[in-house]
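Dear colleague,

Please find the structure below for your records.

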Amino acid sequence: MKPTLTAGVAGTREYLVDRERTIDFMGEEARVYATPMLVRDIEMTCRELLLAHLDPGEDSVGTRVEIDHLAATLLGMKVAISVTIAEVKGRAVVFDVSATDGLDTICRGRHSRFVANVEQVKQRLKQKRAKAGLA
C-alpha cells in the first residue's frame, strides 16, 4: 500500500442505468436500478479508487456493505456514486458512500474492503480447492 492511502481520499464515478442494471419482475414500466447492481457499482467504485493507492501485486476484496437504498432510479438515468475513505486500519479500508441520480439521493452507507496480495490469495484458494476436491 502506498502512503497516499489515507482517510479523506475521495472519488466519484458515473454509471448509466442500463437494462442489465434494472429489475424486471415488476414489468417494463417499473424497470429501476436493482439494489444488487447498486452494490456491485459501489464495490467497483471503491476498488477503482483503491487501486491508485496500492502497490503492484495488491488488490482488494469487499468484506462488508451497509447501505440504505433510498429512491428508485429509472432505466436510462445516470447515477453518480461518491466514495470517501473514512478510515484505514492496517489492510482494512472503510468507505463512506452516497449516490445520486440528479433528482434524488438514492443511497448512503458504508463499504469495507480488505487489501490483499493477489498471489497469496491465489495460493489460499488453491489449497481450499484441493480440500474441497475441486482441484
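This is a predicted model: local features need pLDDT of at least 70, side-chain atom pairs count only at pLDDT 80 or more; totals for chains, interfaces and linings use all residues.

The buried residues of α1 are Met 37, Leu 38, Val 39, Asp 41, Ile 42, Thr 45, Cys 46, Leu 49 and Leu 50. An α-helix has 3.6 residues a turn, so residues three or four places apart point the same way. Which strands do the buried residues of α1 pack against? They pack against β1 (10-16), β2 (58-69), β3 (78-89), β4 (92-100) and β5 (105-117).

**Strand order**

Five strands form an open sheet, and their order is β1-β3-β4-β5-β2, with antiparallel pairing. β1 and β2 stand at the edges and each has a single partner strand, so one side of each is left without a neighbour in the sheet. On average, and with direction ignored, neighbouring strands of this sheet are turned by 25° against each other.

**Helices on the sheet**

Helix α1 lies across β1, β2, β3, β4 and β5, and runs at about 140° to β2. Helix α2 (residues 118-131) also packs on the sheet, where α2 touches β2 and β5. The direction of α2 makes about 80° with that of β5.

**Strand pairs and hairpins**

- β1 and β3 run antiparallel and are joined by seven bridges. Gly 11 has Val 83 in β3 as its bridge partner.
- β3 and β4 run antiparallel, with nine bridges joining them. Thr 84 stands opposite Asp 96 in β4. These two strands, β3 and β4, form a hairpin with two residues between them. In that turn, Gly 90 has a positive phi of about 65°.
- β4 and β5 are likewise antiparallel, and nine bridges join them. Here Val 94 stands opposite Ser 112 in β5. A hairpin with four residues between the strands is formed by β4 and β5. Gly 102 in this turn has a positive phi of about 90°.

To summarise, the model holds an open sheet of five strands with antiparallel pairing, with α1 lying across β1, β2, β3, β4 and β5 and α2 touching β2 and β5.

How values were computed. Residues are numbered from 1 along each chain as its sequence is written. Side-chain values use heavy atoms; hydrogens and water are left out. Buried means under 20% relative accessible area, exposed over 50%, partly exposed in between (1.4 Å probe, protein chains only). Contact means heavy atoms within 4.5 Å. Two strands pair if DSSP finds at least two bridges between them. Axes are lines fitted to C-alpha atoms, for helices over the stretch in contact, and angles run from 0 to 180 degrees between N-to-C directions.
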